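Here are a few notes to read alongside the model. Have it open while you go through them.

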Amino acid sequence: MFWTGTTLLGSALALLALASLAVAEDRVGPPIRLAQAPHDMVPQTPMPSEAEARMQMRFPQPVRVGDLIGLPVLDDDDSTLGRVREVVRDPQGKIKLIVGYSKWWGLGGRPVAVPIEVVVILGRQIDSVDMKPAEYSAAPTWVAGIDQPIAADQIIRIGVGRR
């Protein structure tokens, strides 16, 4: 008797499963197709550089350009590399800080364009996190030309740092 009941229950479950498949087949429409771009297709929007991607992970916050002028730019050892003289936008739309770089405590010095992506703001100073002092000394001297100065009352975004 036990064997017959188990077989009967198994048969009932099998019939129920077949019936649900038949109902599911009635509801099925055309097959689902997933969209995928061709492998040789160039993206419409440029991919962010590594520095830009790291900047996005630093929670960029709005800051008034005028508040950046005069701030010291420090290296990893808290040595002053220079002070922000100006903030400009290049023809590609990238924002750059013009820093008066000097090996002697940042006094005087020649202007060097520093991408906004490689620095973070730490209170009333700027920390150069992705540009080392050797890169400052190797950087070309910035000359005003096609870069457009950003007005002191304009708001830009800069990464936030902490120690």
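1. Start with D90, which touches K96 and D147 once residues up to four places away in sequence are left out (contact here means heavy atoms within 4.5 Å). This is a predicted model: local features need pLDDT of at least 70, side-chain atom pairs count only at pLDDT 80 or more, and totals for chains, interfaces and linings use all residues. Numbering runs from 1 along each chain as its sequence is written, and side-chain values use heavy atoms, with hydrogens and water left out.

2. You'll find D90 in the loop between β3 and β4 (strands are DSSP runs of E, at least two residues, and helices are runs of H or I, at least four, numbered from the N terminus). D90 is buried, at 9% relative accessible area (buried is under 20%, exposed over 50%, partly exposed in between, with a 1.4 Å probe and protein chains only). A polar atom of the D90 side chain lies 2.8 Å from the backbone nitrogen of K94.

3. How many salt bridges does the whole structure have? A search finds 3 (a side-chain nitrogen of Lys or Arg within 4 Å of a carboxyl oxygen of Asp or Glu). One of them joins K96 and D90, at 3.6 Å from N to O; K96 is partly exposed at 22%.

4. D76 pairs with K132, closest N and O atoms 3.0 Å apart. D76 sits in the loop between β2 and β3 and K132 in the loop between β7 and α4, so this pair ties together parts 56 residues apart in sequence.

5. D67 and R64 also form a salt bridge, at 3.1 Å between the closest N and O atoms. D67 is partly exposed at 33%, and so is R64 at 36%.

Key. Polar contact = N/O pair within 3.5 Å; in protein donor to acceptor, adjacent residues only side chain to side chain.
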